[in-house]
Amino acid sequence: MRQSEETTASSGTNTPTRSEAAAHAALRACAAALRRHPAVTGTLLVACGYGLMNLGWRDTAEAALVYCLGAHILGVLGRGSPSSRWLPLTWNLAFVVDLGVKAFLMTVYKSRPDAALVIEAISNTNSDESAEFLMNYWRLLGTYTLQLSVLLVLLFVATRPDPGHSSSRRRSVVVATAVFALLHLHPGVRRANPLVFWPVQAATVEEFRANVDTLRTKRENALAGLGDWMPTYAGPEKHTVGLVIGESTNRWNWQLYGYSRNTTPELVKQADDKLVVFRDVLSAASSTVSSFRQMLTPRTIQDPRNEEALPSVLMLARAAGYKIFWISNQHDRYISTRFAEEADVQHMLNKGGTVAERNLDERILPEWKAALEDPAPRKLIIAHLMGAHAHYDLRCPDHLRHFEESVDDVDRDLEAKGRPEWVRVKRDQYDDAMLYQDWVISRLLSDFKDAVGSSSSAWLYTSDHAEEVGHTRDFTGHSPDEAGQVIPFMLWTPEAFSPQRKAELERRPYQTDVLDWTLLDLLKVRTRQDRPENLLLADTYRPHERRLHDGSVYHPSGTTRLAGTSAAIMSP
């Protein structure tokens, strides 16, 4: 009797309730419906992928719409013959790759693939820099590859055609194709279709490269327009200006600006009443080419005119009687063609054009001294450093490595903020590069002082842009936000500044998209197009609204954000 009761109880326990049975039936019906409509299943997976990668609801919706229509059309066509069954797989692969590239660019650079930053970078990149890029981001790329491979497998399984439902689908292909074509009249839909968007992007890159090749012709046209500028020299018989342009240098990593690490001991020694250390300067952009196009031409953020049709600072200086020297430890296709070829003397010291070698900036020093010794009465000497261009570990000789071998407050602060080990290692390597840059920049300044003595002259240092090295997020590299654009900016003249005047100048907010006007002022060159409000050292200077590379208005954070110190940046 007891056994019968236990059997009855056991069988009762295993019998599903009505609600469970209904749920199971609903799930089976849903699964069957999804099998009958693989395009819908794939669309849900694609939408989830774009959404989880934080590409925004609009991009996600547009991608889902384009994918759904295309998957339906190709899915039906793929049922027709074995030879056409690769069409759905190609469609799935295109969206997975599109998702991966767009998500990577948004995560790392906060940019779309059709942004000027990306187009310029791709157009201006060689094979060595591509290899360096892969080495720097292999962790993130590996993670994305794994995630996207899972998505591709799921899409392949979910969107396999069901031959039992082919006849009823063919009539809808005509309607879906018409809708699909009409939707592509909208630019957002065209951007969402990877088979349309990426060929257009490739053509845009090629157009940019072709534009570089026509720069020489445009330079002749700009020279012909010098009459509208009428540059004239308004200084003493002899005058020398030295311009040192760094690379990827963040002032938040300089001891001279309050960083707790001893990264600029030599420059600290030279900080006297003749050296003005500007405290609130933002780069024109967060990439090299974009910054140069604004620093050395009339193009600005507010007035993005075609700078290639206008004279650069180098053209105006030559027309005013200057002999120009261009000394570079970089090999940049655009900058070499656009600016270096405008100089009277060119020393392109990085012959191989690779940044993945230890091309130390000290190689510039002999050519810098030779230029200073040149007997020309008026000279503009420009030095373009390799600076802290990744790889950071290649930007410092072994005997100067210091921070990689020690543990200090910066290391402990980064660890407390949860920065991963690879970011902390990159920070140490970057700070070692800063220590070496301190030595190089100090030598360039010392040699300049020794050569000019008390004669009429000016020496200016700036960087093309800054670099994020774990200050605000788990990332190292170019960044279109504050961390990617806060740069050191220093001016030396043989005349001392009063303490009050020096302090007032150092507090001035500035952005280097208008650097050309201050350079012309230092060169003592006047033109018909002068902009007194952009002369950083003049009483007529008026700060203008500053913007970050992503287009947002810049508001200084107020503190250095430096690990290991709470020193405040001087605010205007």
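Of the protein's 572 residues, 52% are buried, meaning under 20% relative accessible area, with a 1.4 Å probe and protein chains only. This is a predicted model: local features need pLDDT of at least 70, side-chain atom pairs count only at pLDDT 80 or more, and totals for chains, interfaces and linings use all residues. Residues are numbered from 1 along each chain as its sequence is written, and side-chain values use heavy atoms, with hydrogens and water left out.

**Overall fold and surface**
- The protein has 21 helices and 13 strands. These are DSSP runs numbered from the N terminus: helices are H or I with at least four residues, strands are E with at least two.
- Take contacts (heavy atoms within 4.5 Å) between residues at least 6 apart in sequence: 79% join residues at least 24 apart.
- The accessible surface is about 25200 Å², and 58% of it belongs to carbon and sulfur atoms. Areas come from the Shrake-Rupley method with a 1.4 Å probe.

**Backbone exceptions**
- Most residues other than glycine have a negative phi, and most peptide bonds are trans.
- The peptide bond from Ala 390 to His 391 is cis, with omega near 5 degrees. His 391 sits in the loop between strand 7 (378-384) and helix 18 (409-416).
- Met 230, not a glycine, has a positive phi of about 50 degrees. Its loop runs between helix 12 (215-224) and strand 1 (232-233).
- Lys 524, also not a glycine, has a positive phi of about 60 degrees. Its loop links helix 21 (515-523) and strand 13 (525-526).

Notes: Buried < 20%, exposed > 50% of the residue type's maximum accessible area, 1.4 Å probe, protein only.
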